[in-house]
Amino acid sequence: MSDSRKREPAAPIAERVHALEAALAAKRLIPEGFLEKRLAHAEENFDWRNGARVVARAWVDPAFRARLLADGSGAGAELGFRAAGREYLVVLENTDAVHNAIVCTQCSCTAWSVIGLPPDWYKSPEYRARLVREPRALLRSMGLDLPEEVAVRVWDTSGETRYMVLPQRPAGTDGWSEDELAALVTREALIGVARVGLSSSAQGCL
Amino acid sequence: MDGIHDLGGMSGFGAVEIERDEPTFHERWQARAFALNDLAMRVLQAYNVHEYRHAVERMNRAHYLAASYYERWLTGVATLLVEKGVVTRDELETHAGGPFPLSRPGAEVKAVGGAAAAVPRFAAGDSVIVRNMHPAGHTRAPRYVRGKRGVVVRVSRHFAFPDLAGHALPAHAEPTYHVEFEAGELWRDAADSRTTVVVDLWQSYLEGAHE
């Protein structure tokens, strides 16, 4: 590695991705269709709307809620959301007394099966640095102002456990169907940086 | 390693911006980079996920902070495939038509003789202290909890010890723990009120608070 090479700007990122693929393809190391299959799999299966369905089920079915809090991986699998590999899912219940929020300070680990591949804001150095140190101010700046009497519990995904927040069901939704309830849940609520409100569009508008 | 990736608690970072209706991938190259890691791990079996994480951690610090998530992803994959001899840097730079920055070399880490305890030493409710360790290689004990006292809230499952697995060394599975720290223990006067942080830690990172 020469110094002169370091001073030149890197090739554009899309060219570097193409270069790695081309170098592997030249050695016949990429099985036909593998990359397309894998990224289609990711786009179909790693979706936060899976988590929204888990939450809606927990809101309408107390027995499922109890199983979900005792064994997140098992309860998720009941709805067909099987974790990749050995993903161990622990579900964190928000209450009037405790608010949970999730971060990964060292990379960007997430429960792919129910939260999906993480959004850019979750992967940002800003979020990773700040949530463990000043959660109340950070959450307030993201639109979630927690009353002083609510305790904040931040979960750093530093090991192999993966977390999902079970948000509180909004008032005024008695008798709503599971599908209607699932439509209220946002990715942000599953990570714990937003509440679930009656207007999902307003929830997303942070 | 005490790397730039270990961001928890660092000051000097600004606002977090949420994008509405963010797609899984913004650009096709991101999806291709994602799938290339799957290829390297599952099909070529060139490395494990711990080595992958460590390869990203070894990126030049300025490059790490400037790069997007999937640029870091690609850099980790390419670094390992060059280090494992699957492709060469010259091949990558020829195909890319320019420089292809890779991560810095890793530290020498030696295998540990003798089996570490697979039996949980701690139970829920136990007070523990995180060892004040500064390994040259891969670790998953964040800097901001080293030397700090917390309480075990859950004995979690056994998982391969990343400090060895990250260097392709034989890694035993050992108990992991969800350990809760009071914000005041971590940040003293700067702590938020009524706040705790729970960190997922391997048994080897911990010692009993009364030992």
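Biologist: Which residues does A:Ser73 touch, leaving out those up to four places away in sequence?
Modeller: A:Glu87, A:Tyr88, A:Leu89 and B:Arg157, where contact means heavy atoms within 4.5 Å. This is a predicted model, in which local features need pLDDT of at least 70, side-chain atom pairs count only at pLDDT 80 or more, and totals for chains, interfaces and linings use all residues. Residues are numbered from 1 along each chain as its sequence is written, chains are lettered from A and ligands numbered from 1 in the order in which they are written, and side-chain values use heavy atoms, without hydrogens and water.

Biologist: Which helix is A:Ser73 in?
Modeller: Helix α6 of chain A, residues 72-78. Helices are DSSP runs of H or I with at least four residues, strands are runs of E with at least two, and both are numbered from the N terminus.

Biologist: How far is a polar atom of the A:Ser73 side chain from the backbone nitrogen of A:Leu89?
Modeller: 2.8 Å.

Biologist: Chains now. How many helices and strands in chain A?
Modeller: Chain A has 13 helices and 4 strands. Chain B has 7 helices and 5 strands, in the order α-α-α-α-α-β-β-α-β-α-β-β.

Biologist: What share of chain A is buried?
Modeller: 56% of its 206 residues, buried being under 20% relative accessible area with a 1.4 Å probe, protein chains only. For chain B, the figure is 53% of 211 residues.

Biologist: And what are the spans along the principal axes?
Modeller: The C-alpha trace of chain A spans about 60 × 40 × 30 Å. For chain B, the C-alpha box is roughly 60 × 45 × 30 Å.

Technical notes
Buried means under 20% relative accessible area, exposed over 50%, partly exposed in between (1.4 Å probe, protein chains only). A polar contact is a pair of N or O atoms within 3.5 Å; within protein, one must be able to donate a hydrogen and the other to accept it, and residues adjacent in sequence count only if both atoms are side-chain atoms.
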